[in-house]
Amino acid sequence: MSNQPLLSVSGLAKEFSIKGNKQKIKAVDGVSFSLNAGETLGVVGESGSGKSTLGRLVLRLLEPTAGEINFDGQKISDLNPKELRAARRQMQMIFQDPFASLDPRMTIEALIREPLDVHKIGTAAERAEMVKKIIGHVGLTEDALSRYPHEFSGGQRQRISIARAIITRPKLIVADEPVSALDVSIQSQILNLMLNLRKEMNLTYIFISHDLSVIQHIADKVAVMYLGKIVEFAPVDEIFSNPQHPYTKALISAVPQINPADRTNRVVLTGDIPSPASQPSGCHFHPRCPIAQKQCSETEPQLRTITTADHLVSCHLATGAVK
Amino acid sequence: MKTFKRLLKRKIALFSFAVIILIVASAIFAPLLAPYDPNQQFEQGLTLQGSPLAPNSEFILGTDLLGRDLLSRLMYGARTSLFIGLLANGFAVLLGTFIGVVAGFVRGRIGSAIMRFTDLMMAFPALLLAITLAAIFSPSLFIVALVIAMVNWVQIARVIYTQTISISEKEFIEASRSLGATNTRILRRHVLPHLAPFVMVWATLGISTTVLLEATLSFLGIGVRPPTPSWGNIIFENQTYFSTAPWLVFIPGAAIILLALAFNFLGDALRDELDPTQRGRQ
């Protein structure tokens, strides 16, 4: 049991059908990965790459079209609604927009207590006690409890969301762009809070972001997504020191560097991410790829290991050579 | 109770509340308060030419076309109108909200089927429906209330349906679901509180429409039977005297408007008090 990963996902896919159109949109297309307890997986990609959908699929907030999710010895993808609700105690979510994800008509106390009410944890007095404890934990004071979400700033609300997510002591937290809606100065506070909590509670995160510098700060492993697929998967240091996929290289070169000496040649991608409804042939990335060759438009590359066993990339042309 | 206390701190809400209490009290205590029997026709209540009397010291609000005391009829009429306004409208609001919420929350085929039925009801001329229903059941106050409710729930169902859908799509609903909340809990704790303001607005608006619809039905002879007074049928009975005795139409008309406005203002204030982002703002 201890050797088993906390979460393993295989062949996960989600198709959305569009009204009046037979064609289906493949938002997530055959994604597999596994994650050990205490690790953080960073998922990066542009808008439309399917990273948010992936996060929701893992928690089964969306029903997968295909694939399997195993979490903590349970096959999440097979649970009936009642079992799934019970399992949610162990897997929580933090949403991107703290203005939209907190019910404006509930007090902070009611909001933070809600997970306890839902899972019937403790007596009323115990619940009140736990709420008081957790609010200090996320860096807010008790006088916040009787107030309403609109009285708080974005960063404070995200702290409230985090309190809600951790109060049931879950094992897995999916954070969908939890800091993207916040000011940069607040971002680091929230990230550090999440890092501290991870250490204290041995949390496992799936951290979805389009911001590579944020990912670099928090993640252990990184999955780079493009058009619903993982195109590169590697430990965080490996991704940043030795990116293999041209898309990853382009993303990394776009991260601003403070030291001019660290600045590398910017790989500029032209065009937008194609619509998932009309996917390019062969490698999905080839129309935008700066080094595309003939085979790229013909055969689709598969994820394969390169350099080390935990570095996966799906590119015909990746050689494993450092830059 | 806390909300109620805060509510009465708003001047307009306090005033509206007082008006409602006044009307309700005069309806309940009509036998004690009314100066005359509402159905008694006074010989001295008509001029020699047989036209109604203007307000005077004997008949404070004047008399109607049959020489009856208007004030007494208004007080007794308040019983009928409040009964219709509260019962019929309350029933319409409950039914409309229930159907709207179910259709909006369940969605899918069941939701669509319910809404197509609602559309059908909406396309059906309301008055014709009311006349048909009233003709099938012999008119009584309760039947009239039921008929009005059957006509009025449709718009409420439509509005509540759309609102339920829009609230269900909000992120905090998904957040709740991700916590593991059941549908019942989501409905009760998150959807219904957000629907409350819309229900409230429709409930208060509905009071005036139901009172007026009752008046229309009375006029067509399928509503409240004379000589039982209701605010609506007082207007319709006396409308032929509109040019010579305008108070016979204006006074009960003003009573209807006053009641409707009082409920509207109170409803508005209540809606603001229930919304934490609006609380305390005037």
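Visitor: What rules apply to the numbering and the values?

Guide: Residues count from 1 along each chain as its sequence is written, chains are lettered from A and ligands numbered from 1 in written order. In this predicted model local features need pLDDT of at least 70, side-chain atom pairs count only at pLDDT 80 or more, totals for chains, interfaces and linings use all residues, and side-chain values use heavy atoms, without hydrogens and water.

Visitor: What span does helix H5 of chain B reach?

Guide: Helices are DSSP runs of H or I, at least four residues, and strands are runs of E, at least two, numbered from the N terminus. The expected span is 1.5 Å times one less than the number of residues. H5(B), residues 108-123, reaches 22 Å from first to last C-alpha, close to the expected 22 Å.

Visitor: Which residues of H5(B) are buried, and which are exposed?

Guide: Buried means under 20% relative accessible area and exposed over 50% (1.4 Å probe, protein chains only). Gly111(B), Met115(B), Thr118(B) and Met121(B) are buried. They lie on the same side of H5(B) because they cover an arc of only 110° around the axis, taken from the directions from the axis to the C-beta atoms. On the other side, Arg109(B), Leu120(B) and Ala123(B) are exposed.

Visitor: How many residues are in contact between chain A and chain B?

Guide: Contact means heavy atoms within 4.5 Å. By that rule, 24 residues of chain A touch 22 residues of chain B.

Visitor: How many salt bridges are there between the chains?

Guide: A salt bridge puts a side-chain nitrogen of Lys or Arg within 4 Å of a carboxyl oxygen of Asp or Glu. The count is two, including Glu114(A) with Arg185(B) at 3.4 Å, N to O.
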